[in-house]
Amino acid sequence: MNQIYEDEKCIAYLCKTPAVVGHTIIEPKEKQTIIEQTSDELFGHLMQTANMLSSMLFETLGAQGTNILVLNGVEAGQEENTMQIHVLPRSEKDGLDFRWSPFEDKEKIEIAQLKLKGCSEKIVFSKAKPTIKELPTNVEKPNSTAWIEKALLRLP
Amino acid sequence: MNDAELQEKIKNMSPEELLEFQKQNCVFCQIVAGKIDSKKAYEDEKCIAIFDINPAQPGHILLLPKDHYMLSAQMPTELTKHMAKVIKHISHCALSTIKTPATSIFIANGPAAGQMSQHFMMHLIPTSSRVFNLPKHSATDLEKIAGPLRDYINKKLGLTVQPKQEPPLAPKAEPKKPVKEKGYLYFVDAQGDISRAKMVKGGKKQKQKKEKVLKVGIKREPGLLYYVDKNFEIKSAKMNRKGKKASRKKAAKKSKKQTKKKVAKKQVKKVTKKTISKKKKNKSKDTKVSLDDISRLFT
């Protein structure tokens with residue numbers, strides 16, 4: 001294992017079949033297959049470490065740029081049973097090209113956009129619940145006798 | 001304005017002015033401000049999601065931070081965590097509504113990596129067919145890269161500098177010292193350890209086996225008597241030699257030993273000589289033919 005970095009939550013190591021020199025992979029220690037299964041906190045942490053590692057790779061390997069890639073699902077190119085974040089240090093002549101050709105079927109695009117818009121606008125992050133203040137336990141109970149006196153006084 | 005003039009202007013700017021200049025020229029900052037129309041998918045206090053003009057797949061979304069950052073490394077940690085959270089939820093939406101089998105998240109830092117704009121962004125692409133192909137090369141010397149990288153990262157993060165904090169050790173339980181038993185003689189032996197031997201009553205001389213009790217390893221000095229205390233500690237006292245020097249005695253002992261050895265050697269030599277000579281004599285006896293034997297032959 002060519003481990004580079006270890007953490008409480010994740011491990012980073014060099015890929016055995018790299019696309020470029022210094023191709024690293026970040027994995028959570030808790031094995032989960034896709035992003036949607038991870039908690040918000042974990043995924044945030046993973047992205048943060050990817051961010052940090054990308055800057056480290058940038059400094060050490062003399063790269064001109066970095067890519068962070070998450071392939072989520074078999075159709076996207078995921079190969080192993082755990083979710084992985086790829087960090088690729090890039091230089092201009094490394095033979096990789098991630099530029100895509102634009103999708104041409106406009107109807108499909110519009111349909112997808114409409115659907116996504118309707119869904120994503122509903123995303124509301126539950127804010128931290130306001131903590132309920134505990135009722136003070138030492139409330140003085142009205143003296144029974146005093147209460148009776150008051151009630152008697154009110155009588156005409 | 002000429003390009004040369006522009007470059008000079010940029011050089012003379014302070015970093016704050018540069019940021020503002022970049023903001024003015026950044027397309028995405030204008031989108032965030034609302035000066036350019038766009039199809040928004042999601043909006044938040046910190047970030048905004050819009051649909052890409054040239055989508056790779058239907059439903060291609062760009063997630064932008066509202067402030068201007070060029071690279072992911074410049075962003076504060078809270079923002080990255082927040083954006084990760086948002087993009088996770090959006091990808092969940094894509095999976096559930098468009099019903100694509102997979103999504104991919106793409107971040108590019110620097111023009112060499114394929115960043116087209118000056119504004120940092122995360123791409124979310126719902127994919128039904130592959131968009132990103134990672135070629136596979138066989139790696140030969142991964143350890144060569146991994147070693148220095150690990151060291152560098154650890155140095156930067158200050159991981160190796162701070163050794164792992166060991167949990168505070170409970171006060172060491174002192175090894176229980178053996179107690180002196182009755183009927184044994186405790187003494188300090190030649191190795192400086194404490195050992196014991198059984199004492200015999202009634203003046204019977206018998207060789208007793210020595211047992212080692214404690215390993216201490218004290219270096220013995222000449223002229224001192226070493227003994228074992230009541231509390232099982234080795235103590236020493238000066239010996240009184242009545243004015244005689246220790247060296248003479250020892251020398252005498254040594255010489256005696258040496259002479260003994262010499263004598264022994266001599267004796268061994270003598271014995272061997274004798275035995276050899278006896279054998280020779282025996283042989284000579286055998287070879288001599290007695291007269292009687294000859295007479296027997298003739299008769």
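**The interface between chain B and chain A**

Colleagues, the rule finds 2 salt bridges across the interface of chain B and chain A, a salt bridge being a side-chain nitrogen of Lys or Arg within 4 Å of a carboxyl oxygen of Asp or Glu. B:Lys136 forms a salt bridge with A:Glu79, and their closest N and O atoms are 3.0 Å apart.

This is a predicted model, in which local features need pLDDT of at least 70 and side-chain atom pairs count only at pLDDT 80 or more, whereas totals for chains, interfaces and linings use all residues. Residues are numbered from 1 along each chain as its sequence is written, chains are lettered from A and ligands numbered from 1 in the order in which they are written, and side-chain values use heavy atoms, with hydrogens and water left out.

I turn to the extent of the interface. Contact, meaning heavy atoms within 4.5 Å, links 71 residues of chain B with 70 residues of chain A. The buried area is about 6300 Å², with 68% of it from carbon and sulfur atoms; this is the accessible area (1.4 Å probe) that two parts lose on being put together, summed over both.

Next, the strands. Strand S4 of chain A, residues 65-72, pairs with S4(B) in the antiparallel sense over 7 bridges; strands are DSSP runs of E, at least two residues long, numbered from the N terminus, and pairing requires at least two DSSP bridges between them. Which residue of S4(B) is the bridge partner of A:Leu71? That partner is B:Ser104.

Definitions and conventions
Helices (H or I, at least four residues) and strands (E, at least two) are DSSP runs, numbered from the N terminus.
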